[in-house]
Amino acid sequence: MKKTQNVTIKGTKDGLTLHLSDTCSYDELKKELDRKLSNSSRVQEEQQLLSVKVKVGNRYLTKEQAEELKDLIRQKRNLIVDDLETNVITKEEAERLRQETEIVPVAKVIRSGQVLEITGDLLLVGDVNPGGTVKATGNIFIMGALKGIAHAGSGGNKEAVIAASVMKPSQLRISDCINRAPEEVPEDENRVMECAYISDNQQIVVDRLQVLMKKRPSLTRFEGGL
Amino acid sequence: MGEAIVVTSGKGGVGKTTTSANIGTALALQGKRVCLVDTDIGLRNLDVVMGLENRIIYDLVDVIEGRCKIHQALVKDKRFDDHLYLLPAAQTSDKTAVQPEQMRKLVNELKQDYDYIIIDCPAGIEQGYKNAVAGADKAIVVTTPEVSAVRDADRIIGLLEKEENVESPKLVINRIRSHMMKNGDMLDVDEITTHLSIDLIGIVADDDEVIKASNHGEPIALNPNSKASIAYRNIARRILGESVPLQQLDTEDKGVFSKIKKFFGVR
């Protein structure tokens, strides 16, 4: 019987890729990996570290197992694991990802003293009045007037943006950056269709809505979810 | 079965009590049976504004604690034969003497006998507010064209929206000074209405006569010549379901030319 190979090494343009089969047991895989890496011993002379990608297919690896495999590969010669790719994620992880990337529509006026907290992107059809707060782990899009506080990327996402039809916030927060409204706002200033994002020098900048397509191209997503 | 309307504002001193007294008066003038309920326990003054202070024998807390029957505590206003009654608040206890559940029961009882129960709410959002709102079916939020009053009105509207028994609140803008609004020194009516995004049920101009009348214990709505009185009567008519156009604030210039235009019916 021809023994199927559980570990194959392929060289591509971007470097080496280790394909680990997902049909054998984990222990078998470890053994074979160990053997393979030891006996393919045309010892490379140069001691330069070589980064490899690892693809495990449809196998679910716990954190410990992933670490174990990485260690195993790292011990062997001058290989270092650059990326470990699996096709499988847990349900919790999937649910979290879905929530984080989901756009949550809310039709409501957020009044003084009210706080709206959301996981994912917030699409608010209504206003945020002074004294009201909206928070989202992702982006915030407000189709009414923003006169209160908006906090985008509340989980630490610095890429998050805030966009509003009328931008007159008392405070803007993105991740851990805070921006207060200027003391003197000219009465007649037309603050419509604007957005806020964190600029390269870690400051919150308010600009025309249209600059977002350049600054945050990742905002464009054709399908929701994953 | 009557309807209970709570008059509230969040901020103090914007004219809740005056509004309650005048809406009640105006409704009574329209031939409805009205009962005013003062829930500002410890700081009652609806009775003073109505000029009924001397005739109080029992109060709200006496009724709640069972020291008297509800009809014994009601003070009848003789100016409106049998149309207007007042249930005064206690002056000696404080707001914790009453629980929301007891208020609900009391108001439901009153609803059997009266067309409208107007509940005057104390300032703030604590126990007193909760008591006042407990039995209400509808709410009127009073504000003045000041940023602080509008801010508090916004807060109170947010709280009212959470009350399941209360319909979407209506807005009264009180103490409007038309010349200041015209100059842009005061928030204007449209600005306030869009900001709070609730229906406007009336605007009342700032009028010295209102203060004068309250000091005499006669609600201004009794005086048909005052602008504020007409404003309150209009609010009452809107509560009854009539559609009455908003009162014109005197912002039009009184030049000869505009008079001529008016004469020819040109707008």
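1. Leaving aside residues within four places in sequence, B:Thr17 is in contact with B:Asn45, B:Leu46, B:Val49 and B:Asp120, where contact requires C-beta atoms, placed from the backbone, to lie within 7 Å. B:Thr17 is located in helix 1 of chain B, and it counts as buried because 26 other C-beta atoms lie within 10 Å; the cut-offs are 20 or more such atoms for buried, 12 or fewer for exposed, and partly exposed in between.

2. This is a predicted model, in which local features need pLDDT of at least 70 and side-chain atom pairs count only at pLDDT 80 or more, while totals for chains, interfaces and linings use all residues. Residues are numbered from 1 along each chain as its sequence is written, and chains are lettered from A and ligands numbered from 1 in the order in which they are written.

3. An unreviewed UniProt entry places a "binding site" at several residues, including B:Gly15 and B:Thr17, although such annotations may be inferred rather than shown by experiment. B:Gly15 sits in the loop between strand 1 (3–8) and helix 1 (16–29) of chain B, helices being DSSP runs (H or I) of at least four residues and strands (E) of at least two, numbered from the N terminus.

4. In chain A, four strands form an open sheet in the order 1-2-3-4 with mixed pairing, two strands being paired if DSSP finds at least two bridges between them. Strand 1 (7–12) and strand 4 (79–85) of chain A stand at the edges, each with a single partner strand, so one side of each lacks a neighbour in the sheet.

5. Strand 3 (residues 50–55) and strand 4 of chain A run parallel and are joined by six bridges, with A:Leu50 standing opposite A:Leu79.

Definitions and conventions:
Two residues are in contact if their C-beta atoms, placed from the backbone, lie within 7 Å.
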